[in-house]
Amino acid sequence: MNQTTFIKHLPKVELHLHIEGTLEPEMMFQLAQRNNIALPYSTPEQVKQAYQFENLQSFLDIYYQGANVLVHEQDFYDLTWAYLRRCAQDNVIHTEIFFDPQTHTERGVAFDTVIHGIHRALQDGREQLGISSQIILCFLRHLDEESAFATLEQALEHKDKIIGVGLDSSELGHPPQKFARVFARALEEGFLTVAHAGEEGPVSNIYDSLELLKVSRVDHGVRCVDDPALVEQLAKSQMSLTVCPLSNIKLKVFASMQEHNIVELLRRGVCVTINSDDPAYFGGYMSDNFNAVAEHLSVTEQELAQFTRNAINASFVSDSDKSRLHSQLQSFVAGDNGFV
Ligand SMILES: [Zn+2]
């Protein structure tokens, strides 16, 4: 079996995915028409052409504009369902997705509209596609603490649907300490915590996310290599990094995939995982990300399977669910599916 076939069939677990970032240009147009919203583009091709980014901020500007077409519960359902169908094609068996309520509440869409649409699609994904899932609420770090507190308040009545809270959007200029009090309150309420750190921002953001925000996973975290002691600490504690290879190239965190450090980190014992971040904008879903790594960084099949093993260990599910996921991976690796 060649590596592409191996990757296609390898069971995968996604831990870093912004549901708004799965909005494909075709769906953007379809929803704009359905909701009577004017777009600054005339065709989906023009949108694709606009997806040339200089850095994180230039991406975010287009990303927030695209999200304007999401208005009704059914829009959020359709968006999530389209993502889940891509998961099924890529053999993703479990996914933990982020959503950005403030992107929607700031423009008058109710929190409940957003969460109900996403949650209903995930339930259908479980029943019809066999994909288990969790939801993580992300605060937009370029907005203030007060707005984050108000968002957390709205999340309290949806604790049964939301496993944790995270921090995304512009990292530079918005360090973890800005949200230390919000995260402390979220932890008191029983939410797990994660945060984007060490993508464009400095190593200190990774340290502060661990210490001040008490994160259970670091999203991105690839700048940890700037500090060997931190790499050692991450490996020892098995703190997971949810790395997004194609995103990192598209946003110029690394100049090329050959220079990406994900395999180096894996070999240094860090619990790194492969994820797609905002796949509609960055050129690929889970298999595409695995293929990009395999093509440019010469990894073994054992190492590719280790990315899934790491993601299962780092997932926010019960021990019995982890055992179920591990046995799905194991039966593939052992060749029970006839692929190895
Ligand atoms: Zn992200």
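Is His18 buried or exposed, and why?

Mentor: His18 counts as buried because its relative accessibility is 3%; buried means under 20% relative accessible area, exposed over 50% and partly exposed in between, with a 1.4 Å probe and protein chains only. Before going on, keep in mind that this is a predicted model, where local features need pLDDT of at least 70 and side-chain atom pairs count only at pLDDT 80 or more, while totals for chains, interfaces and linings use all residues. Residues are numbered from 1 along each chain as its sequence is written, and side-chain values use heavy atoms, with hydrogens and water left out.

Now, the metal. His18 gives its NE2 to the zinc ion, and the other protein donors are His16 (NE2), His196 (NE2) and Asp277 (OD), with distances of 2.1 to 2.3 Å (donors are N, O and S atoms within 2.8 Å of the metal, or 3.2 Å for Na, K and Ca; with no water among the atoms, sites may look incomplete). Along the chain, the donors are spaced as H-x1-H-x177-H-x80-D. His18 and Asp277 tie together distant parts of the chain: His18 sits in strand β1 (residues 12–18), and Asp277, 259 residues away, in the loop between β8 and α14 (279–282). These labels are DSSP runs numbered from the N terminus, with at least four residues of H or I for a helix and at least two of E for a strand. Asp277 also has 3% relative accessibility, so it counts as buried too.

Have a look at β8 as well. In this strand (residues 271–274), Cys271 and Thr273 point one way, Val272 and Ile274 point the other way, and all are buried.

Most residues other than glycine have a negative phi. Ser169 belongs to the loop between β4 (162–168) and α9 (180–188), and it counts as buried because its relative accessibility is 8%.
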